[in-house]
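Hi,

Here is the model I said I would pass on.

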Amino acid sequence: MPNVSIDGVEYEVAEGRTILQAIDDLGLLMNGVDIPHYCWHPKLSIDGSCRLCQVEVEGFPKLQIACNTPVKDGMVVRTQTESVQRAREGVMELLLVNHPLDCPICDQAGECKLQDYAFEYGLSHARTEEPRRALKKRYDIGPTILLDQERCILCRRCVRFCREVPETSELAVFARGDRSTIDVHPGVELDNDYSMNVADICPVGALTTKDFRFKVRVWFLDDVPGVCTGCSNGCNIHLGVASNKVYRYVPRRNDEVNETWICDEGRLSYKAIGAPDRLDASELRHADGRVETVRRDQAITLAAAKLRSLIATQGAGALAGIASAHATNEDLFTFRRLLDALGIESRACPVPTGRSDALLIKAEKAANAAGARALGFGDPAPVLDRLRGGGLEGAIVLGHDLLGPLGPDVSRLGSLDTVILIDTHHSELERVADVVFPARHAAEKLGTLTNHAGRVQRVQPALEPPFEAYAEGEILTRLGEALALPGFEADWDPRAVSKRMAQEVRAFAGCDVDSVGDSGKPMPGGSA
Amino acid sequence: MLTVPYVTSYLSEHFGDDAFRTLEGYRARGGYQAAKKALTEMSPEDVVELVKTAGLQGRGGAGFSTGLKWSFMPKETDKPKYLACNADESEPGSFKDRILLERGPHQMLEGILIAAWATGAEKTFVYVRGEYAYPARCLQQAIDEAEAAGILGANVMGTGFRHDVVLMRGAGAYICGEETGLLESLEGKKGQPRKKPPFPAQYGAFGMPTTVNNVETFCHVPHILTRGADWFRGFGTEKSPGTTIFGVSGHVVRPGLYELPLGTRLDEIVFEHAGGVPDGRKVKGVIPGGMSMPVLPASMLDVPMANESLRERKTMLGTGGIMVMDETTCMVRAACVITYFFRDESCGQCTQCREGTGWMNRIVERIERGAGTHEDLEVLLDVCGKMEGQTICAFADAAAWPVQGLLRHFREDFEEHVRRQKCPFPDSFEL
């Protein structure tokens, strides 16, 4: 392993890396070792064209670009010398020669690398007199993205992204010299499953998503680390939250999971959080079909009573527990404990499926299918057979993913004695449920989710639901308490539940909500 | 039409002879004996060593040691190795490669064969400037003849060595004369220089080890093989041996090509060979090596045309394209032409080049219009400094150097424009 000195500090770095890569590997890039850069991106091929990352390397007469200069044992690199500062100043001045400087009306302002670096490394005045380039603005290049060619600094990250990640190559640089522009190929739209990532990697306001544009100024947003719940890949994200509202998901780097990307579908799945079809109150369905909105505790009391009488008359064997692959491990661990205490053995977890690809998109369209399996909620087929064939009189159901495999047989569910539903969104299942509880979305609670590869990842409350809603685990705990089951007396504390799960369930050993940290941890036994 | 250099030496000795263009005529004058000798009597290492000893420098502009360049090609590799012949000749003021292709295509092919043997290359791509339709036709004819005669192909002259030559036509960009821009264009991509590393000797055409040499560079090689390093060193200076073909253009009585030893004095070329400036006017400035090289004022023309001596005057030999400007010339207009060219031709990858070329052009055009300020001159030099030595290829240097040269020697022209707020050279060429 080569030793490299950077600004007088010795580092051991990996063989075959460039200076910038090596600093990034060490986690020091712009985090201890400041080498501003535009065209270089950790997950794209090296371009070497913006020339901002020039550094002094002993033995070279000229400055070298850190992004493309391979490390060598004994290399001495200086990143903060006068000549480096001069070069950065030069690049910044030249980048701004044709930039419109329209920050006040640019939606990138506040998270713009041109703004940041101009402030940090640039000159405070312009020496140009001539008019700047006039090019296409608010240019619609596809279903998700608008392009402003004037703001573009031609780092070509977007071009390389489309070529190298989704391998769709919609974008290219057209013309040359200072007439160069980014554009889609004639007759082509920027339209692929990952198109909106170009807005994340665009260092300036040239590429913006139609979805987020002008919704909120970014400096009002809190970035809360979390996990996308669109599929079982569990892409790491930041939830952009302001005034108790999620405005966007942006990918959060995790080289073990999603590198720096997220699919468009997952990115837009934040809309489910504030969707108008959120279940926002506990409901009781009377025998005459009338639905009554009640307080949670009233619903708990009634649900407990129904369960108690059903078990007393038919036995626990007449009941089934249907888990949701959207609930957290902590919710499902609590569900498991409740079912154990009640003696209900019939358990399952339906997992919605869909399209997948070789990149990030997984067929299982739920964030915690692997966690559900690890906690004993498996294939729903046997339970569905019992439901269709008789012998089932009651069910505690989390979520509405049962609707898919059940199909038209949903009416069978209506004929059961007792159906208790805990769900985040309205669905057809409500019409057959006796008691309905509104649940929290993964963005509204603390807990862990297990992705397809068995990686346990943390979610945490990014906002408070503006209505009465609880984690599934909390409702189940209160239900257990109402049923006077032992061990359900305490207040709902997902952190304590998580620790207990990590102790009691071997698959989760060492994977409680605190231990997994922000970037997750693989389950000791791997994928379930 | 100009077909034969005014002054000739070994390279262009037979260029007046139409038969020299044919395989038969070339062979009758000893053609392909040098290649035969290399392939049958010499090891590749011997050839590289000989060319190194002869001191041949690349004639494409950078003047790098040809033998040394060949030695960079990997010996142990499973990959096929290639040569690329740079016949893009895109530097304004240069027109020597054209005549070498038209009048001596076999001479170049023989040089290519020897270089191929020395480097172990199995194929040469000749990248010919798009506008060179006729030279390309001449070369293709020669390739066809050589293939038919077994001089190129699967079994070169019966030695078992394989070498094919493929002619590619460019589509007209200056930057495709830069060796990695050439390789990109050769591969069918946009002509943009590649970042280094990797260097072409590791990762060249289609990702294979490749050496790129200029047309004229190849043409010298058979002569070195035939007559030896000492003979070659008999021409030129100690550091810059051999002849080169100077192209003289601009305000001279006899514009044209002159094959002369390196180290020939610039004033000798301009005044004796090219006949000086017509109508008794005086020389104002001379660009010694193609448009990207800094200009020399009339007082500095006593310089030997070799890199070591030109460097002392802060300019370089480049491609040997000598452009003469007489006393009527407005140097700000010259700067307008030069900066416009580089602005138009910058590939646009690197920030400094893309934005700097345009900025310089806007400033000099403003000065020429009579709207310049003294501060503009400082900004110009500052922009040059920000472009120089900081980009993927030498294009930004090539764009900055001539502006620096004009400001170094003809600053008074610029200042006069600023003072009078108009162009003080009514008789100068028009933009």
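Below is what I found in it, starting with the interface and then moving to details inside the chains.

A bit of bookkeeping before that. This is a predicted model, so to speak of local features I need pLDDT of at least 70, and side-chain atom pairs count only at pLDDT 80 or more, while totals for chains, interfaces and linings use all residues. Residues are numbered from 1 along each chain as its sequence is written, chains are lettered from A and ligands numbered from 1 in the order in which they are written, and side-chain values use heavy atoms, with hydrogens and water left out.

**The interface of chain B and chain A**

Chain B brings 32 residues to the contact and chain A brings 34 residues (contact means heavy atoms within 4.5 Å). Together they bury about 2,900 Å², with 46% of that coming from carbon and sulfur atoms; buried area here is the accessible area, taken with a 1.4 Å probe, that two parts lose on being put together, summed over both. On the chain B side, B:Arg354, B:Trp359 and B:Lys386 provide 22% of the area that chain B buries against chain A, more than any other three residues.

There are nine salt bridges across this interface (a side-chain nitrogen of Lys or Arg within 4 Å of a carboxyl oxygen of Asp or Glu). B:Arg366 and A:Glu129 form a salt bridge with N to O at 3.7 Å.

Which helices of chain B each supply at least two residues to the side that touches chain A? They are α12 (331–345), α13 (351–369) and α14 (374–387), where helices (H or I, at least four residues) and strands (E, at least two) are DSSP runs numbered from the N terminus. Of the elements on that side, α13(B) gives the most, with nine residues. By type, the side of chain B that touches chain A has eight nonpolar, twelve polar and twelve charged residues.

**Inside the chains**

In chain B, α5(B) meets α7(B) through B:Arg98, B:Leu101 and B:Glu102 on one side and B:Tyr134, B:Pro135, B:Cys138 and B:Leu139 on the other. That contact has five nonpolar residues, no polar ones and two charged.

Two cis peptide bonds to check: B:Lys196 to B:Pro197, with omega near -5°, and B:Pro197 to B:Pro198, with omega about 0°. B:Pro197 sits in the loop between α8 (179–186) and β4 (210–214) of chain B.

B:Glu89 has a positive phi, near 30°, despite not being glycine. B:Glu89 is in the loop between β1 (82–87) and α5 of chain B.

Cheers

Note on methods:
Ala, Val, Leu, Ile, Met, Phe, Trp, Tyr, Cys and Pro count as nonpolar, Asp, Glu, Lys and Arg as charged, and the others, Gly among them, as polar.
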